[in-house]
Structures are given as structure tokens and as C-alpha cells.
Amino acid sequence: MEILRGFKDILPTDIAKWHRLENIARDVLSSFGFKEIRTPILEKTSVFARGVGEATDIVEKEMYTFLDKSNESVTLRPEGTAGVVRSYIDNHLENLPYKKLYYIGPMFRYERPQKGRLRQFHQIGVEVFGISNPSIDAEIVYMDMFMLKKLGIENLRVEINNIGCDRCRPKYINQLKDYFTSHKDKLCEDCKRRLDKNPLRILDCKNKNCKAISKDAPKITEFACDNCKTHYKSVKEKLTLLNIDFIENPHLVRGLDYYTKFVFEIITDKLGAQGTVSAGGRYDGLIEQLGGKETPGIGFASGCERLIELMEEENKKQFDYYIANLDSDDYAMKIALKLIESTNKRVYIEYEKRSLKSMMKKADKMNVSFVIIVGENEKNNNTVVVKDMANSTQEEYNLKTFLDNEVKRWL
Ligand SMILES: [Zn+2]
Ligand SMILES: [Zn+2]
């Protein structure tokens, strides 16, 4: 007997890391006021066809859809949002005093199995209903980053975009269509197909030619209505206020039709091309589209398998900081204690008199994340030289700036 292709057992030997992930996620989400919801894994096909969008890759080719014994078309959920919205409407959850929900569980997509991509995979996701205030957009990006940091996942980058609404996006899509039609012969086969149904998706095609053509495509910023522009601008201001660094990526469109206004992805470079750790955005029209009252919404989802892979990467590290102390014991100790107190991370101070070269070797063997080099010069100038062992970059900082940054890194 063999397991289905693209499916995987989670064995007792592996369950501890799943528990750890779920526990940390639940802790963080509930401290931000979220409550768990568990919706069925199987739903009527129309929930996803209407919710996710007929013209998306998911609905077109990736769903596990079949007729049940009474000839009803049913589908294993390919994502979490549509089912949660269906339940919100069905159960009149608009009457709850709180409308911040999260889910953890399996999703199913019939994709080509490859490293890091399974046909049954797991997601942690959140949905917020009824809040159009841009503060919530910034809050959930912050919460997402906070959760990832608590899981020990770092070196992340936040990318954001404004993708407009159903008032301004159609104009933009027409312009895109015109633009890509004039380059049709150079597009890949998938994009030729997308041209009619979903030209927005061409913008995030990974094909080299499509990428080159996309570079000069019209941008949504030129078409966004005042409402979308104001909202997006405000989200950016709030992210800055919360100390979240972000990059604006005009090609970030997400694979699902329901997004409006603000979308974001959190990306790592550690997993190669499969770098998206978490992704989401606003979906102000979705609840109405599925038969509910007009209600704004926003959410994100993270792939658990990827999170676990990144957590393991991080667990291989034995120490977070190694203080390469070049004859400045007191200064080294002062820095170490500050780091321990304010970041709660693992710090190792070197007191043996060694050359810098031999200390670097030792740090490498000890599998540390950062080496902090302090000597006479640094002590006199109140600075530190920090080597990031992951990418071998080295930089000098003012001590206070460095400590402030580290506190921010771990929050
Ligand atoms: Zn708009
Ligand atoms: Zn393409």
C-alpha cells in the first residue's frame, strides 16, 4: 500500500515541531484578540468557484472536485478564506462583538508535487471582518511579522502593493490587456491564456520573457481611485509608525481574485524560489459576493510546512551572539548583558585570549548567527563591529543604535 502522491504522513517523530508551531501561533493570535474558527474541509464547489474566482489557477486546474453520492459537486478546500466567509454569513457572525478569526488546518490543491509543495498542505490564516480602517491592515502585517519572529524566523522582507478596487481596477485591467496584447507573441503559453481572463496574473509570471515585458507594463498607481490611493497611503504611514520596513512591489498581485486595495507578502531568501512565507490582503467585496451584507475584510495565510522548514533552519543555530572579545572584557560583558536582558537570546562571551581569526573559526564551529567584534577601538568609540554569519556581511554600528536594532529584530 502506498500513500497518494503529494501527500505526507506527519509521524510521531515529527509531531513536536507541529505542536510548537501551533502553540506559538495560537498564543500570538489570541494576544492580538483573535479567536479560532474550524470550518469543514469539504464544501460545495460553488463556495470556492464564487469565492476564489473562476479564472484563477486554483479553481481552473488545482481543485479536488468530485460528485458525492447524491450528485452534488463538492470540493476539498484549496484555501481558507472562502469557507470562513461562508461560515460568517451562514452563522450571522456579524452579531459577534469580535470579528477577528483564525484557522489552522489542511488545504488541498492538485499541483505538481515538488520540494516544499504538497497536495495536502497546512495553513495558518486570519480573517478580520467589518473594519475598513487602514490601521487594521498595518496591525495584521505587524502581527504576522511578530508571529514569525516568535517562531525564530528572521531575515524577512515585507512587500506591499495597492491593487485597486472594483471601481478602478477594470480600467487598469483594460489597459493591461491592451499592453500585453501588443506583446502577445512573446508571452508564455500560460500568459497567452491569462490575457483574456486574468491579465493581472501576467505581472507575477516567473517566465523570463513575460517578466521582461511586464517591466514596462502600466502600473495600478496611475489608475487607482482616490479612495484606494488614500487607503494605501495611510497603510504605509501606519507601517512606518510601527517600524515595519517594506518594499513596494507593483507586480505583487496575488493569485486570488478577491483582493482589493492593500496586498502584502512576507518573503525569505532561504527557501530559493519558493520564498513566500506569508501572504494576504484586503478583500472588501468578497462577503457581498458570497451573499452576505457589504462588509470589509482582510486576512493573511502562512504555509505551515514552510514555517517548520524555516524553524528547523533556525534551530540548527546553537548561539545567537558570539562576542569576539579582543582584550576589552568589561565592554564585552556590558554588551552581552544588555543583549541578554533586552532580547532574551543566547549570548556567548569569549574570555580566552585568541586572535580574531581563531575566534571567527570558533564562532563558525559553534554555529552562531552574529559575531560581535569588540576591541580597544570599539570601546573608545562606543561602537561594535557586527558580522552576520548567514551572509558574511560585516558592519560597524554605534552601540546604542545596534542595541535598539536588535531589540527591534526580536521585538
Ligand atoms: Zn479603487
Ligand atoms: Zn508568462
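**Figure 1. Contacts and overall form of the protein chain.** Among contacts in the protein chain between residues at least 6 apart in sequence, 70% link residues at least 24 apart; two residues are in contact if their C-beta atoms, placed from the backbone, lie within 7 Å. This is a predicted model, in which local features need pLDDT of at least 70 and side-chain atom pairs count only at pLDDT 80 or more, while totals for chains, interfaces and linings use all residues. Residues are numbered from 1 along each chain as its sequence is written, and chains are lettered from A and ligands numbered from 1 in the order in which they are written. The secondary structure comes to 15 helices and 16 strands; helices (H or I, at least four residues) and strands (E, at least two) are DSSP runs, numbered from the N terminus. The protein chain has a radius of gyration of 24 Å, close to the 22 Å that the globule rule gives for 411 residues, so it is as compact as a globular protein of that length. This radius is taken over C-alpha atoms, and the rule is 2.2 Å times the number of residues to the power 0.38.

**Figure 2. The two domains of the protein chain.** Domain 1 covers 15-168 + 224-313 and domain 2 covers 317-410; these bounds come from an automatic or database domain assignment. Their C-alpha centres lie 38 Å apart. In contact with each other are 4 residues of domain 1 and 4 residues of domain 2.

Figure 3. Strand 2 and strand 4 (residues 73-76) are antiparallel and share 3 bridges. Within this pair, Glu-43 has Thr-75 in strand 4 as its bridge partner.

**Figure 4. Strands 14, 15 and 16.** Strand 14 (residues 368-374) and strand 15 (residues 383-388) run antiparallel and are joined by 4 bridges. Between strand 15 and strand 16 (residues 393-398), also antiparallel, there are 6 bridges. Val-385 in strand 15 is the bridge partner of Ile-373, and Val-385 is itself partnered by Glu-396 in strand 16. Strand 15 and strand 16 form a hairpin with 4 residues between them. In the turn, Ser-392 has a positive phi of about 60 degrees.

How values were computed:
Two strands pair if DSSP finds at least two bridges between them.
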